[in-house]
Amino acid sequence: MLIKREQRIILAGDDIAASEITPRAVFENRRRVLQAAGAASLAAAGGVLGMSRAAFGAYASPNPKAQKLAAATNAKFVVPEKVTPYQDVTTYNNFYEFGTGKSDPSENAGTLRPHPWRVSVEGEVKNPKVYDIDELLKLAPLEERVYRHRCVEGWSMVIPWVGYPLAELIKRVQPTSNAKFVQFITLADPSQMPGIADPILNWPYSEGLRMDEAVNPLTLLTMGVYGQVLPNQNGAPIRVVLPWKYGFKSAKSIVKIRFVDKQPPTSWNAYAPNEYGFYSNVNPTVDHPRWSQATERRIGEDGFFQPKRKTLMFNGYGNLVASMYQGMDLRKYF
Ligand code: MTE
């Protein structure tokens, strides 16, 4: 996220200056792309659902030291676009608890201890429960889904996540009729997170969804990426991923999921309510007050002459989510 004191880095109101972009090696992993494309065409032929990811092998073992997370690819949710290289997905991050620079999370998140880990599911539910991460990993079948990921800052990636719909957890805890929103509260431990010493945001990081958004089939409770457990910098051991919303809605390293009757306070909205709305659906027609949202820079594609991509309404997921916002003024509820 761009904080106001970094305002100087905005160029011409629609992008981030080159000085802000951490230099990265750009990898062309043709094999991975071809396998992903093969996956998509197999899926179109109806032959993939239920097939194990191991059989598939699309994104296997990018980091030989990381624990594998076997999952079947859910071909209904595979974007037919080139997957962003693992190196970029895991070194170009936003995770302010570890610093505000893009490379800070990968450099500093080694102090995070993602195991043991508990997530308290509480509030307006019939079955509140403190879940152990090992139990959450087994709660429902893990799926691999390749989602577009669009940051409010104007960059995007395509990422193979591993998880299952948040709805799977929600149906087990049984929200009461008072549950209108879900709040995600993430870890705020200064002994593990050096960035917490900087009071940029109201820690702990908090995010929220309306109930219909929370049970939408796209909403992924996420434990892995690239066929392995989440690296710390990507929100280990558990986060949400909401591909039709700007990336800051996808809270990392969650410790509490709270069902509430009123719209919960959220960190970025509290920081700058006129810049970061509660809904934050990807919307190319509603600009951020300090830059345009019409286009995006796809990480891994950014050569000097590389044209930017047009940003898609709801990040291209309108068929699955647009009906939730029918009749709402999306300029007001940005
Ligand atoms: N979650 C926490 N706890 N802290 C953060 O700073 N940053 C958000 C979101 N979740 C953030 C967070 C922002 S701004 C983005 S764009 C995404 O995480 C980035 O996810 P990624 O680094 O895995 O791409």
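Student: Which lysine lies over the face of Phe278, and at what distance from the ring centre?
Tutor: That is Lys249, at 4.2 Å from the ring centre of Phe278. Please keep in mind that this is a predicted model.

Student: Where does Lys102 lie?
Tutor: Lys102 lies over the face of Tyr92, and the distance to the ring centre is 5.8 Å.

Student: Back to Phe278. Which cluster do ring pairs link it into?
Tutor: Ring pairs join Phe278 with Phe181, Tyr279, Phe314, Tyr325 and Tyr333 in a cluster.

Student: And how many aromatic pairs does a search of the whole structure find?
Tutor: The search finds 15 aromatic pairs. One of them is formed by Tyr96 and Trp268, whose ring centres are 5.6 Å apart.

Student: Why is the pair of Tyr96 and Trp268 edge-to-face?
Tutor: The planes of the two rings stand at 70°, and an angle over 60 degrees counts as edge-to-face, so the pair of Tyr96 and Trp268 falls in that class.

Student: Where in the chain are these two residues?
Tutor: Tyr96 is in the loop between α3 (86-91) and α4 (104-108), whereas Trp268 belongs to helix α8 (residues 267-271). The pair links distant parts of the chain, as its members are 172 residues apart.

Student: Which other residue forms an aromatic pair with Trp268?
Tutor: Tyr276 does, and that pair is edge-to-face, with 5.2 Å from centre to centre and 70° between the planes.

Student: Are Trp268 and Tyr276 buried or exposed?
Tutor: Trp268 has 1% relative accessibility and therefore counts as buried. Tyr276 is buried too, because its relative accessibility is 0%.

Student: Changing topic: what share of the whole protein counts as buried?
Tutor: Of its 334 residues, 57% count as buried. The accessible surface comes to about 14000 Å², and carbon and sulfur atoms account for 55% of that area.

Student: How many helices and strands are there?
Tutor: The protein has nine helices and 15 strands.

Student: What share of the contacts joins residues at least 24 apart?
Tutor: The figure is 72%, taken among contacts between residues at least 6 apart in sequence.

Student: Last topic: what is the mean pLDDT, and what share of residues reach 70 or more?
Tutor: The mean pLDDT of the protein is 86, and 82% of the residues reach 70 or more. Over residues 6-57, however, the pLDDT is below 50.

Student: How many contacts does that stretch have beyond near neighbours in sequence?
Tutor: In the model, residues 6-57 have 85 such contacts.

Key. Residues numbered from 1 in each chain as written. Predicted model: local features only at pLDDT ≥ 70, side-chain atom pairs only at ≥ 80, totals over all residues. Heavy atoms only, no water. Phe/Tyr/Trp six-rings, centres within 6.5 Å; stacked < 30°, edge-to-face > 60°. Helix = DSSP H or I, 4+ residues; strand = E, 2+ residues; numbered from the N terminus. Buried < 20%, exposed > 50% of the residue type's maximum accessible area, 1.4 Å probe, protein only. Lys NZ or Arg CZ within 6 Å of the ring centre and 35° of its normal. Contact = heavy atoms within 4.5 Å. Areas by Shrake-Rupley, 256 points an atom, 1.4 Å probe, with all protein chains shown as cover. pLDDT = per-residue confidence, 0-100.
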